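Dear colleague,

Please find below the structure that I am handing over to you. The notes that follow it set out what was found.

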Amino acid sequence: MPTMTIAKALNEGLRAALTTHPTALLMGEDIGDLGGVYRVTEGLKAQFGSDRVVDTPLAESGIVGTAIGLALRGYRPVCEIQFDGFVFPAFNQITTQLAKIHARSDGQLTAPVVIRIPYGGGIGSIEHHSESPEALFAHTAGLRIITPSNAHDAYWMIQQAVDCTDPVIVFEPKRRYWQKGEVDLTAVPPSPFEAQVLREGTDATVVAYGPLVPVALAAADAAAEDGTSVEVIDLRSISPIDFDTVTASVQKTGRLLVAHEAPTFGGIGGEIASRITERAFLSLEAPVLRVGGFHLPYPTARTEEHYLPDIDRILHSLDTALAY
């Protein structure tokens with residue numbers, strides 16, 4: 001199996017999707033000649049031409065609005081939002097148009113639009129370049145939201161997003177773009193909307209997604225040195241959420257910690273905590289705990305390391321849960 005970075009895996013996945021779907025095309029700022037800020041689309045314009053890898057103006061609302069029109073005419077547009085904080089001019093198009101078309105038409109119309117959004121912090125960047133807005137979109141019915149945490153998932157999940165007849169937002173953990181991993185090019189991938197147990201455990205469950213998955217695995221390794229067995233689940237899909245996999249794990253371990261970069265206030269972790277409390281209350285030995293960003297604007301590069309959840313914060317919450 002070849003070893004790739006997540007960025008390269010996405011590139012190869014997009015290449016495969018463009019080959020499989022003649023009506024698929026890429027749209028975004030600087031994605032053509034430059035290959036994107038993170039070079040995720042590098043080389044695709046040369047291979048598929050400027051009609052299918054389209055450099056757009058700096059106009060996110062226009063990018064998504066045009067993609068919706070293309071989708072209604074039979075195309076499968078894949079939009080790149082250059083940075084997470086740039087998506088908000090397109091928020092209206094995504095939540096009031098794209099997410100509603102299927103229901104508005106009583107199922108007669110579909111809008112197979114993919115929106116790629118590099119998200120999260122840890123890159124030492126400036127304002128509007130390190131946001132985690134996934135909960136804002138997850139609150140809107142009609143959107144599917146996924147986030148790969150490794151190269152293998154990145155390669156397959158971007159293709160599955162293009163295959164899907166529903167709108168799909170793919171949140172790509174930008175600080176993990178250079179993380180390498182093996183990619184099985186001949187695998188039969190699971191559904192992108194299913195969670196995966198990455199590490200078996202018996203004492204507690206840690207659920208994470210996107211950029212926090214490597215941190216959760218590292219915390220589980222550290223906990224094991226102290227004799228604590230931690231099960232780690234990669235959520236993979238933010239909408240829908242695979243509550244069955246999480247519930248089964250908690251029924252075994254009795255404790256749950258949810259970790260994400262986004263603020264805990266109003267975050268995905270709160271929904272998971274509520275649902276698991278409803279589903280597995282009698283199995284819980286401690287309250288469901290959350291680890292995430294603080295409820296404040298994303299800080300400057302000089303102080304972001306204090307904002308981002310790390311191994312120590314996960315271990316502290318594990319100690320709290322185990323103390324019950």
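Helices (H or I, at least four residues) and strands (E, at least two) are DSSP runs, numbered from the N terminus. The model is a predicted one, in which local features need pLDDT of at least 70 and side-chain atom pairs count only at pLDDT 80 or more, while totals for chains, interfaces and linings use all residues. Residues are numbered from 1 along each chain as its sequence is written, and side-chain values use heavy atoms, with hydrogens and water left out.

The annotated region

An unreviewed UniProt entry annotates residues 4-179 as "domain: Transketolase-like pyrimidine-binding"; such annotations may be inferred rather than shown by experiment, and their positions are given in the numbering used here, with feature names shortened. Over residues 4-179 the chain is 36% helix and 17% strand, with its end C-alpha atoms 8 Å apart.

Ala 103 belongs to helix H5 (residues 101-104). Its C-alpha atom is separated by 8.0 Å from that of Gly 142, 39 residues apart along the chain.

The sheet

Five strands form an open sheet with mixed pairing, in the order E9-E11-E10-E13-E14. Two strands count as paired if DSSP finds at least two bridges between them. The edge strands, E9 (196-199) and E14 (289-293), each pair on one side only. Strand E10 (residues 204-208) runs parallel to strand E11 (residues 230-234), and five bridges join the two.

Which residues of H12 are buried? They are Ile 314, Ser 317, Leu 318 and Ala 321, buried being under 20% relative accessible area, exposed over 50% and partly exposed in between (1.4 Å probe, protein chains only). On the face turned away from the buried side, H12 carries the exposed residues Asp 312, His 316 and Asp 319.

With kind regards
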